[in-house]
Amino acid sequence: MRVFALADLHLSAVSPKPMTIFGPGWAEHPQAIFTQWPQVVTEEDLVLLPGDLSWAMTLDDALVDLRQVAELPGEKVILRGNHDYWWSSVSKLRARLPERMHAVQNDALRFGPPGAGVVVCGTRGWDTPGHNPLDPQDEKILSREAERLRLSLGAAQRLRQPGDHLIVMLHYPPASPPFQPNVLTPLLAESGADQIVFGHLHGIPQERTVGQVGGIPACLVAADALSFWPRLLLEL
């Protein structure tokens, strides 16, 4: 089994929304995703999708996009992004997800054989302090996301077996320039994770994003940053 990641699919089958407002590289981006994914991902692989999957406003409309993704090779794990307005009750979502598609929210999932698997957890995250301080409302949301991350990491530690890899998904980056500590970073640094993946940022080179938290590698997997190719994270 190999593990890939690809965030920010920004699909909109029901009510098409052009993504070229973010640049000409987004022109006809769904075709790039659906053409390139099967060239690198097999049915035995796992693909992490950390947020902003669909522009839909309702679950019924989002399921049109999710079913198209579900038909692609591999097992999928999805996480909520800031534009996934259709994601409300996770129990209702899980009841309607296509086969081989799983949602993470305040918990964790494990894949693979005993002692040689991968545990996946995470939360959406939020804007973090950087060059500009956060306002009180943003601070409140970020604190809530820190608690959700704590719950998810706790669930991951209960699932994790000796020899397993731990990957933490966030939608927002875990830190903002100049990458000073925030309420998320100590949780991540002490998690024992092997990798952190995040999306959300568009038109920003990898070298201008946070590259590690507490020595744990962190990488931007927003679809446009990867030219819409799933990024290989791990081979088991």
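A word on labels before you click: helices (H or I, at least four residues) and strands (E, at least two) are DSSP runs, numbered from the N terminus. You're looking at a predicted model, where local features need pLDDT of at least 70, side-chain atom pairs count only at pLDDT 80 or more, and totals for chains, interfaces and linings use all residues. Residues are numbered from 1 along each chain as its sequence is written, and side-chain values use heavy atoms, with hydrogens and water left out.

**Stop one: the sheet**

Switch to cartoon and find the open sheet of five strands, ordered β4-β3-β2-β1-β11 with mixed pairing. Two strands count as paired if DSSP finds at least two bridges between them. Select 101–103 (β4) and 231–235 (β11): these are the edges, each with a single partner strand, so one side of each has no neighbour in the sheet. On average, neighbouring strands here are turned by 25° against each other, direction ignored.

For one of the partners, pick K76 and look across to M101 in β4.

**Stop two: the helix across the strands**

Select 59–70. That's helix α2, lying across β2 (46–50), β3 and β4, and running at about 125° to β4. Angles run from 0 to 180 degrees between N-to-C directions, with axes as lines fitted to C-alpha atoms, for helices over the stretch in contact; contact means heavy atoms within 4.5 Å.

**Stop three: two pockets**

A pocket is an open set of points on a 1 Å grid over the protein atoms alone, where a 1.4 Å probe fits, with protein on both sides within 12 Å along at least five of seven lines; lining residues have an atom within 4 Å of a point.

For the largest pocket, select T128, A175, S176, P177 and L201, which lie nearest its centre among 19 lining residues.

Then jump to the second largest pocket: of its 15 lining residues, S12, K17, H29, P30 and Q31 are closest to the centre. Both α1 (29–40) and α2 supply at least two residues of this lining, and α1 gives the most, with four.
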